[in-house]
Amino acid sequence: MRIGVVTFPGSLDDSSALRAIRLAGGDPVSLFHASDDLKEVQAVVLPGGFSYGDYLRCGAISRFAPIMESIIVAAEHGFPVLGICNGFQILTESHLLPGALIRNQDLHFVCTDQPLTVENTSTPWTNGYTQGQRIVVPIKNGEGSFQASAETLQQLEDEGRVVLRYADKNPNGSQNNIAGISNARGNVVGVMPHPEQAIEDLTGPSEDGLTFFTSILHSLVGR
Amino acid sequence: MSLDTVAVAQSTPDNSQPWKELGLKQDEYENIRQILGRRPTSSELAMYSVMWSEHCSYKSSKIHLKQFGEKAVKSDALLVGIGENAGVVDIGQGYAVTFKIESHNHPSFVEPYQGAATGVGGIVRDILTMGARPIAVMDPLRFGPADAPDTRRVLPGIVAGVGGYGNCLGLPNIGGEVVFDETYAGNPLVNALCVGVMKHSDIKLATAHGTGNLVVLFGAKTGGDGIGGVSVLASETFASGKAAKRPAVQVGDPFAEKVLIECSLEIFAEDLVVGIQDLGGAGLSCATSELASGGSGGMDIQLEKVPLRDPSLSPEEILMSESQERMCAIIEPSKLARFMQICKKWDVTATVIGQVTEGDRLHITWNGELIVDVPPRTVAHDGPVYNRPMQRPAYLDSLTPAKVPMPQTPAEIKEAILKLIASPNIADKSWVTDQYDRYVRGDTVVSQPEDSGMIRIDEQTHLGVAISTDANARWSYLDPYEGVKLALLESCRNIAVTGAKPLAITNCLNFGSPEDPGVMWQFAETVRGLADIALEMGLPVTGGNVSFYNQTGSVAILPTPVIGVLGVIQDVRTRTKMGLPKAGLDIYQLGTTDNNFSGSEWAHIHGQMGDTAPKADVDHETRLVKLLLEGQGLFAAAHDLSDGGFAAGITEMVLKNNVGATIEFVGDIAAELFAQTPGRVVVAVEPKDSDALKALAAKHGIAIARLGQSGGDVLTINGAHIPLVELRKAHTETFHKLFG
């Protein structure tokens with residue numbers, strides 16, 4: 001099962017995402033932003049980091065990378081895409097997902113072990129979780145506050161497209177405690193928390209994040 | 001202004017020159033004239049002024065630092081020692097690790113965010129320059145009183161700068177310190193540590209060999225920021241009424257550094273460079289003169305080829321600029337094409353600016369005219385050396401014993417503990433550390449607030465390294481010789497409690513003005529102490545940094561030697577953390593407590609300093625470290641006791657996993673709780689392992705006492721009941737109240 005991870009200039013969690021795919025049992029494939037070649041991967045992860053330094057709006061430049069042209073076209077045909085943190089920001093900038101991520105409410109970068117609930121288990125990235133499952137996964141970002149118009153929020157809620165929600169405490173002022181969403185079809189998922197940093201008890205707060213990566217393998221097998 | 005060429009300098013020997021404004025002393029200027037046999041050109045003067053600054057030349061510290069050579073430990077682990085960009089040690093399995101601390105104190109006071117950010121950037125490039133991939137950072141920080149208005153300006157900016165740069169670079173921040181003392185008001189300390197890993201064969205050195213090889217500048221373009229940062233900023237005390245020094249602070253671009261790292265590592269992997277040097281303090285002056293003198297000495301530079309952000313910069317400014325995110329490499333001509341290809345892949349600007357030549361002169365031209373003609377060693381290594389006057393400071397004769405409250409009843413004990421753990425130096429630092437990414441790269445095994453930071457090096461073999469930085473400046477104030485020894489021993493203990501074996505030392509020595517004989521004495525005693533303790537512990541000093549002039553007017557900072565110790569752990573899965581993991585564990589203290597409160601936090605919060613630092617007991621500490629390493633299989637939790645004594649240590653142990661404890665002391669309860677006697681560790685073991693632990697303690701001759709048991713949601717000490725909820729509130733709300 002070939003799963004790609006894109007390295008943009010300034011990507012940071014690309015190596016961790018590759019490791020997560022490997023530990024889940026997949027075949028990780030490194031993809032480079034400057035090429036439009038998806039190397040026959042069956043799904044792709046846009047990893048966390050600060051692509052192009054996030055000096056403009058986060059993700060605003062990466063959206064125009066050659067690899068994104070291929071990903072946008074494929075995603076519109078059901079190709080599974082997971083955006084983590086900066087990857088989520090790139091997906092909203094690409095209009096594959098609605099809404100925007102803005103500065104955290106208290107204006108600080110925040111790194112913490114965040115309790116979450118899994119709200120949607122029908123996406124290819126979350127089918128291994130149980131509905132309402134409580135997980136702990138790190139968040140680490142400065143611009144993680146999810147904002148969307150009232151209309152869009154209503155639509156996301158009505159269509160069950162909120163994938164993850166912050167539990168206990170909202171760390172950044174996100175509307176409706178939203179930590180992750182999907183597109184209407186469910187194949188494109190963006191999350192601010194970092195499941196790739198919760199794959200081993202040794203290095204993470206839990207192993208709860210690994211299910212994102214086993215889920216995608218499972219859903220690809222089932223196709 | 002017309003170009004001041006070598007020819008012009010020769011024909012106008014009497015032109016007056018701004019050597020004083022550039023931070024040089026009269027005799028230093030005369031010395032330069034003697035070396036060159038003429039007056040220096042303005043470009044040469046610029047180079048000498050930055051390279052002969054205290055910061056670059058170590059002119060006041062050199063004669064003391066020699067001891068690290070004279071008392072050097074014979075160590076097979078040391079692959080590269082003092083003198084290169086950073087020391088390198090062998091950790092086995094073909095891996096080499098490099099680590100170093102540097103200060104960025106003055107810039108961080110002037111411009112907290114950029115000062116701290118570029119402090120991180122600078123040390124990371126030092127590590128990268130050795131050929132290593134940087135894998136983690138740490139930042140020991142010191143500030144004036146927590147509630148002082150200026151601390152509210154400086155601290156949030158520095159923390160945001162450390163985070164803003166390090167997070168964007170993708171390096172986990174795994175530890176450090178946040179300490180408050182009034183002597184740091186106006187002189188905050190920003191020390192930044194970086195650790196990197198490589199294979200033995202990948203070690204790179206700053207050397208320009210091979211006539212005809214090319215000098216290539218790559219990375220960011222050169223701008224007008226940071227001009228004279230090392231001379232006018234880092235090598236003088238602050239005085240009121242002087243013009244703002246903000247233009248002397250560099251501006252950082254972490255994204256440029258991130259791509260520079262990836263680009264450089266790809267270049268190293270294909271073995272495309274002969275030598276390499278980063279551009280940090282003193283910029284191009286430093287890089288060219290050090291590379292040249294690291295080789296045979298000959299180098300030609302065509303300065304007009306340097307890509308500029310600001311085309312109006314003069315040659316002198318280009319030579320002095322400390323613009324960040326730049327590297328200088330020596331490359332064989334045949335490898336240039338591939339080198340350029342990799343730079344292009346990462347969108348990194350790279351420009352050939354010169355060649356290695358025969359002979360032993362560094363020649364720099366500007367549009368064909370010779371503006372620098374110097375023996376590079378005289379710039380890089382043969383700076384002035386001062387044997388500054390030293391005198392044991394008078395304050396040492398008027399010290400008085402610490403008179404502190406001695407709580408006895410349960411109510412007094414509870415009140416005292418809550419007071420101590422809420423004090424800024426002991427309070428929970430999450431407000432700071434949650435602004436740093438500790439997870440990135442996915443190999444962080446242990447991070448703050450644990451005793452050390454630990455990083456996995458090899459996923460297959462589970463090899464890892466641990467690092468801790470420590471200083472107790474008040475002990476150094478009371479006795480600088482013992483103070484630095486105690487800092488090193490604490491650092492070793494912090495490494496060993498997490499399960500790693502201490503292997504090597506780095507240091508950052510922060511002091512007041514070397515022109516003050518009392519400060520110079522503190523410095524000399526510190527260096528003597530560090531050289532002695534390194535030898536006694538059998539650990540090599542791999543490098544270090546000296547920061548003088550941390551002084552406002554006649555008020556110097558507490559002597560603050562920050563010691564970093566690197567340890568190795570063969571299997572990171574066996575590491576021990578400080579938090580009590582569950583109820584029903586037996587809690588023991590290793591080592592004994594005396595009633596000396598000098599230099600303790602308990603004394604500090606009562607406005608007391610005390611009179612006598614503890615004596616470093618190397619024999620005891622060596623045995624304790626052995627016990628800790630042998631006992632790793634037994635410990636469910638282990639925690640070093642240092643700042644705040646047992647009261648602070650047990651608070652961290654119970655709050656970590658929200659598992660309480662019941663403790664009963666038989667001795668003097670005030671001392672047991674608040675004295676900071678060195679050489680003590682608290683461990684928790686399964687009751688079935690108690691006998692094995694006692695046997696181990698007996699074997700190593702370490703005093704052991706059972707203090708109680710874990711469990712419940714209350715911390716109970718000699719009848720004082722403190723619900724964990726109350727304990728947590730006191731411990732965690734201080735920073736939020738202070739800094740929002």
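This is a predicted model: local features need pLDDT of at least 70, side-chain atom pairs count only at pLDDT 80 or more; totals for chains, interfaces and linings use all residues.
## A tour of chains A and B

A:Phe212 belongs to helix H5 of chain A, which covers residues 210–221. Is A:Phe212 buried or exposed? With 34 C-beta neighbours inside 10 Å, A:Phe212 counts as buried, because the cut-off for a buried residue is 20 or more. Another pairing spans much of the sequence: A:Phe212 and A:Ile21 are 191 residues apart along the chain, while their C-alpha atoms are separated by 9.2 Å.

### Chain A as a whole

Stepping back, chain A has 5 helices and 11 strands. Its radius of gyration is 15 Å, close to the 17 Å that the globule rule gives for 223 residues, so chain A is as compact as a globular protein of that length. Along the principal axes, the C-alpha atoms of chain A fill a box of roughly 40 × 35 × 35 Å. Of the 223 residues in chain A, 58% are buried. Among the contacts in chain A with a separation of 6 or more, 74% come from residues 24 or more positions apart.

### Where the chains meet

### An open sheet in chain B

Turning to chain B, we find an open sheet of 6 strands with mixed pairing, in the order S14-S15-S16-S21-S17-S18. Why is one side of S14 and of S18 in chain B left without a neighbour in the sheet? Strand S14 (444–446) and strand S18 (541–547) of chain B stand at the edges and each have a single partner strand, so one side of each has no neighbour there. On average, and with direction ignored, neighbouring strands of this sheet are turned by 20 degrees against each other.

Within this sheet, B:Pro502 has B:Gly567 in S21(B) as its bridge partner. Helix H20 of chain B (residues 517–537) lies across S17, S18 and S21 of chain B and runs at about 175 degrees to S17(B).

### A covered strand, S25(B)

Our last stop is strand S25 of chain B, residues 681–685, which is mostly covered, with 5 of its 5 residues buried. In a regular strand the side chains alternate between the two faces of the sheet. Here B:Val681, B:Val683 and B:Val685 point one way from S25(B), B:Val682 and B:Ala684 point the other way, and all are buried.

| Strand | Partner strand | Sense and bridges |
|---|---|---|
| S22(B), residues 586–590 | S25(B) | antiparallel, 5 bridges |
| S23(B), residues 635–640 | S25(B) | antiparallel, 5 bridges |
| S17(B), residues 501–510 | S21(B), residues 560–569 | antiparallel, 9 bridges |

B:Asp586 stands opposite B:Val685 in S25(B), and B:Ala638 has B:Val683 in S25(B) as its bridge partner.

Conventions: Residues are numbered from 1 along each chain as its sequence is written. Chains are lettered from A and ligands numbered from 1 in the order in which they are written. Helices (H or I, at least four residues) and strands (E, at least two) are DSSP runs, numbered from the N terminus. A residue is buried if 20 or more other C-beta atoms lie within 10 Å of its own, exposed if 12 or fewer, and partly exposed in between; C-beta atoms are placed from the backbone. Two strands pair if DSSP finds at least two bridges between them. The radius of gyration is taken over C-alpha atoms; the globule rule is 2.2 Å times the number of residues to the power 0.38. Two residues are in contact if their C-beta atoms, placed from the backbone, lie within 7 Å. Axes are lines fitted to C-alpha atoms, for helices over the stretch in contact, and angles run from 0 to 180 degrees between N-to-C directions.
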